[in-house]
Every structure is written in structure tokens, then in C-alpha cells.
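Let's take a friendly walk through this model, starting with a pair of helices and ending with the ligand.

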Amino acid sequence: MSARRGEGSSGSGGGACGRGAPAIAGLAAALLLLLAACTPVLRGTPVPGPIDTTDVRVIEGERHFAAACHTCHPNALAGLGPGIVDRPLPRWLVRLQVRVGVGVMPAFSREEITDDELDALLDYLDALRRR
Ligand code: HEC
């Protein structure tokens, strides 16, 4: 009989990586997700074409919109205020919002925007939606 010594296996020594860094990365990712969730829903919106420039009412409305609304609703999209043409808002609702100024938006009197000018402005918004 011969005694054999078994071949010993060497121990494994896997070290643990530093904690902390993955946790921060996870937090950053969560923050980014949160930010993405809060940005306006314009992703996937096709690049719009030009508006109908043969309609004088549309051109007139564009002028009034640029003067009264563009600062807060750039190109009728979200800025300080929410987007107007990226959702189906009926004309009466836009008219009401302009005259009454629901929420923090200022109201516009008939001296500031006449009914006729507001009609043209709504034609312009319709033209933007049709693009
Ligand atoms: C001083 C900035 C400002 C100006 C100027 C402004 N808006 Fe607004 N608008 C806002 C804000 C802010 C809101 C959101 C109101 C709220 O809910 O508190 C809003 C909301 C709206 C809404 C409602 C949107 C919805 O989803 O219900 C419409 C429509 C609208 N504005 C149209 C206009 C038009 C048309 C003009 C120009 C005549 C105009 N706004 C000028 C800031 C402005």
C-alpha cells in the first residue's frame, strides 16, 4: 500500500470591489430617469414642415402670436407655459385661456388682443397643427 498525498487545491482569494461608486452611479441614473420623466413629451415628434403661407389670416395670426404668446409658448410648444399645439386643444378652450388666464398665465383684454386678432391667432395654431 502506498500512501498518496492528495493534491491540495489552492484557495481562492477573490477580493470585494469597493462599494460606494455603484451606489452613486445608481443614484445618478435614477436622477436622470426622473429628469427625463419631467421633460415635455416631444420625443418622436416628426420635424414639422412649413405652415400654410398662402392664408393671410394665418400670417396675421402668426404675428399676433409672436407678439403676445411666443415668449412663454415658443413656437406654440412648451416653454414657461405648456405646449399648445402638441395636444388637441379646442379653439374655445384656447380662447377662454387667453381671456380668463386660468392659472398663472396672464389674461389678455380685448384692448390687448381684439376678437378678430384672436381668431387669426387660432387660425395660425390650426395651421401649425396641420403641418
Ligand atoms: C407670461 C407667460 C405667458 C404668456 C405671455 C402666455 N402664456 Fe399661455 N400659459 C402660460 C402658463 C404658465 C400656462 C399654464 C397655466 C397654468 O396651468 O397655471 C399657460 C397656459 C396656456 C394654455 C392652456 C394649455 C393647456 O394645456 O391647458 C393655453 C391654450 C395658452 N396658455 C395659450 C396662450 C396664448 C394663445 C397666448 C398669447 C395670447 C399665451 N398663452 C400667452 C404662460 C403664458
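## How two helices cross

H2 and H4 are roughly perpendicular to each other (an angle of 65 to 115 degrees; under 35 is roughly parallel, over 145 roughly antiparallel, and the rest oblique). Helix H2 covers residues 56–68 and helix H4 residues 115–130, and they pack at about 105° with their axes 7 Å apart. Axes here are lines fitted to C-alpha atoms over the stretch in contact, with angles running from 0 to 180 degrees between N-to-C directions. Helices are DSSP runs (H or I, at least four residues), numbered from the N terminus.

On the H2 side, the contact includes Arg57, Glu60 and Phe65, and on the H4 side Leu121, Asp123 and Tyr124 are among the residues involved (C-beta atoms, placed from the backbone, within 7 Å). The contact residues divide into seven nonpolar, two polar and five charged. Ala, Val, Leu, Ile, Met, Phe, Trp, Tyr, Cys and Pro count as nonpolar, Asp, Glu, Lys and Arg as charged, and the others, Gly among them, as polar.

## The ligand shell

Of the 20 residues around the ligand, Cys69, Cys72, Gly81, Gly103 and Met105 come nearest (a residue is near if its C-beta atom, placed from the backbone, lies within 6 Å). The shell holds 15 nonpolar residues, five polar and no charged. Helix H3 (residues 91–100) gives the most to this shell, with three residues.

## About the model

This is a predicted model: local features need pLDDT of at least 70, side-chain atom pairs count only at pLDDT 80 or more, and totals for chains, interfaces and linings use all residues. Residues are numbered from 1 along each chain as its sequence is written.

How values were computed: Contact = placed C-beta atoms within 7 Å.
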